Amino acid sequence: MVDIGCGDGKVLFWAEKKLGLRGRGFEIAPLPFLLSIISKYIKSSSVEIRLANFFKQNLQDANLIFCYLFPELVEKAYEQAKQQCKPGTLFICNTFRPKQLEPVKIISDEKNKPYFYIYQL
């Protein structure tokens, strides 16, 4: 699993603990990155978190990409994933989604508001 714009890493830590996934995250902002590193050591997690711009990273080995990004970045991230990743890779967006595409699944919150949009590359 790759979390692009991973913030404090909580999605990565959850996926590792609850789903048994190996994770890698990229965060460009220093403060959330620092918080994620502190959490990683407190939780004794094996996730890999890098202070880096994910647009400059190669995502070809990802089989699941998660993002919670501003709308204009979601579009760009989807295009990057589509170019670099294998067919079948899952691309999951929290809240914002690529507008021109129909997701294969939408997961809504308790008020039936779309929360996660799932795409398959």
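Helix H2 (residues 30-42) lies across strands E2 (24-27) and E3, running at about 155° to E3. Helices (H or I, at least four residues) and strands (E, at least two) are DSSP runs here, numbered from the N terminus. Axes are lines fitted to C-alpha atoms, for helices over the stretch in contact, and angles run from 0 to 180 degrees between N-to-C directions. This is a predicted model, in which local features need pLDDT of at least 70 and side-chain atom pairs count only at pLDDT 80 or more, while totals for chains, interfaces and linings use all residues. Residues are numbered from 1 along each chain as its sequence is written, and side-chain values use heavy atoms, with hydrogens and water left out.

Now for the sheet. It is an open one of 7 strands in the order E3-E2-E1-E4-E5-E7-E6, with mixed pairing; two strands pair if DSSP finds at least two bridges between them. Strand E3 (48-51) and strand E6 (105-108) sit at the edges with a single partner strand each, so one side of each has no neighbour in the sheet. From one strand to the next, the twist averages 20°.

Helix H3 (residues 71-84) comes next. Val74, Ala77, Tyr78, Gln80 and Ala81 are the buried residues of H3. Seen down the axis, they fall within an arc of 165°, so they line one face of the helix; the arc is that of the directions from the helix axis to the C-beta atoms. On the other side of H3, Glu72 and Gln83 are exposed. Buried means under 20% relative accessible area, exposed over 50%, and partly exposed in between (1.4 Å probe, protein chains only). The cover over the buried residues of H3 includes strands E1 (2-4), E4 (64-67), E5 (90-94) and E7 (114-120), with contact meaning heavy atoms within 4.5 Å.

As for aromatics, the count comes to 5 pairs. Rings of Phe, Tyr and Trp (its six-membered ring) pair if their centres lie within 6.5 Å; planes under 30 degrees apart count as stacked, over 60 as edge-to-face and the rest as tilted. Phe54 and Phe55 form a tilted pair, 4.2 Å centre to centre with 40° between the planes. Phe54 counts as buried because its relative accessibility is 7%, whereas Phe55, at 23%, counts as partly exposed. Ring pairs also link Phe66, Tyr115 and Phe116 into a cluster.
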